[in-house]
Amino acid sequence: MTDRFVDALGADRLIEFPVTELDHVGVPVWATWWTDADGRGESSTSGIGYGASELRARVGALGECVEHVASRRALTGRPVRHGSLREMRDRHGPPGVVDPRLLGLPAGADFDDDRALAWWPVRRVRAGVVTDEQVWAPVEHVASAGGELPAEAPPGGWLITPVTNGLGAGGTLEQAISHGVLEVLQRDGNGLTFRALDTGVVLDLDGVRDPETLAVLERLRSAGVDVLAKVAATDFAMADIDVVGMAPGDDVLSATACGEAVHPDREVALRKAVLEFASARARKQLMHGPLDAVRAVAPPDLVAQLARVDPAAEEQRVLDAMVAWLRAPREVWEPPLRRTVLSHVRTVPFTDLPTAEVAPGDLLPELCARLEAEGHEVLVADLSPAGADRVHAAKVLVPGLEVETVAYARIGERNVRRLREAGRDDLVRVGDAPPGWARVHLTGEAEERLGGPAWLDRAALDAVAGDLLPLYREPGWQAAQSAMRT
């Protein structure tokens, strides 16, 4: 796969290098950095990869870079169709248009069926097969970065900040879609049960059989890292796991490393989460640690580009939060982590998690079957590079699943229900509007199922994240260090 990915990206635009040395644990981690044709770095993207071997880490870094580059190339300048939700339904019929409410809108956003929007076509996936059925989706949900959006926004602006959730790459389109579906499932499952809202449900790892997982856990523990594997959810009978931990002497970047994964096979989910956690310790040093340390592992050309990073291009609240973290002493940042991310409320056996062995070729049909059984469908934008029949990329949407509730107040029926079940009436309520709360955008059917309109206290939600916002959103490579220098 390495040669395929390099060919798709263009070797003359690509920088690859290992960053394993940025953390003392020693699990292989690679980074990629891709620049546009001018080669000056004004338009660039990156990837991070990890694995039990250097080769697998390199493949992962290239694959993540391919996702971003393929999305940029496929979507930048793509023609759009304009119209409100009502107009699009009149033209294409309700099954041919996805309601933005099902993709997660910020509570209180200015939206109704007559708001002017821009739309791109995606395709419906049934039983793991990509069909010719075309469905129109808002462009900001299909895009993964602001630079992919059309040059001209609709009159009311964009509905959301684009995020990468659902991007995938692979040797086949089905493999790319599988990766995207798993990410959507992972983030839907853990969005309200980890980080600032961590429930503290720690896994007893007795009974883990996977040799790679056991080897990486031993390496982490030998390096002094107190590893906590946590169960975030078991929706769709799949183990949604996140792994955190801290070693004595860790700075705030290493101490906030996290690995996340979901899979029908609990052993696969845990292996990926453990490896991602180990890699995140080095990744965060590369992205946000001192530039002098980066010089020790990165090629000089890249260091020169990173030294010119403009922090003004970042989302200001995210940049400010990361800078505050980096400047804070341990006695400020460690207690909140102990209360949330590193909390241990109760223990459950790893062997109690649901599991099923699924062959790689059967993964997409299996995922679709589980989603379809609960009333969800998979939609996909094929972003595969033209002419690269051995490299594929895709952006996946699953209407009804949710992401970015804490960071952007994006919420729908699913997370309203979850917060109510958790007793969080300080955040969400159904019925009469509490003063100052924002209305949740729900379909009429969803309001009927919930028993009325739903309301979110956005100020209270922001307070939940508080100083832990960088657990949810991070600025770009070296932006925080650049801001501190200037």
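In this predicted model, Asp240 sits opposite Val262 of strand β12. The two strands behind that pairing are β11 (residues 239–246) and β12, which run antiparallel and are joined by five bridges. Strand β12 itself covers residues 259–263 and is mostly covered, with five of its five residues buried.

Now for the nonpolar cores. The largest nonpolar core holds 45 residues, and the ones with the most contacts inside it are Leu337, Leu342, Val406, Ile411, Val416, Val440 and Leu456. Helix α11 (residues 316–327) is the top contributor to this core, giving four residues. Apart from this core lies another, made up of 30 residues that include Val27, Ala229, Ala239 and Ala261. Back in the largest core, Val406 is one of the residues with the most contacts. Leaving aside residues up to four places away in sequence, Val406 touches Gly191, Leu192, Leu197, Leu461, Ala465 and Tyr472.

Next comes a three-stranded sheet. This sheet is open, pairs in antiparallel fashion and has the strand order β17-β19-β18. Its edge strands, β17 (428–430) and β18 (438–439), each pair on one side only. Two bridges hold β18 to strand β19 (residues 454–456) in the antiparallel sense, and Arg439 has Trp455 of β19 as its bridge partner. Lying across β17 and β19 is helix α15 (residues 413–421), which runs at about 100° to β17.

Which residues of α10 are buried? They are Leu302, Val303, Gln305 and Leu306. Looking down the axis of α10, these buried residues fall within an arc of 160°, so they line one face of the helix. An α-helix has 3.6 residues a turn, so residues three or four places apart point the same way. On the face of α10 turned away from the buried side are the exposed residues Pro300 and Asp301. As for what the buried residues of α10 pack against, the partners are strands β1 (14–18) and β2 (29–35) together with helices α9 (291–295) and α18 (479–485).

Conventions:
Residues numbered from 1 in each chain as written. Predicted model: local features only at pLDDT ≥ 70, side-chain atom pairs only at ≥ 80, totals over all residues. Heavy atoms only, no water. Core = buried A, V, L, I, M, F, W, Y, C linked by side-chain atoms within 4.5 Å. Buried < 20%, exposed > 50% of the residue type's maximum accessible area, 1.4 Å probe, protein only. Contact = heavy atoms within 4.5 Å. Pairing = 2+ DSSP bridges. Axes fitted to C-alpha atoms, helices over the stretch in contact; angles between N-to-C directions. Arc of directions from axis to C-beta.
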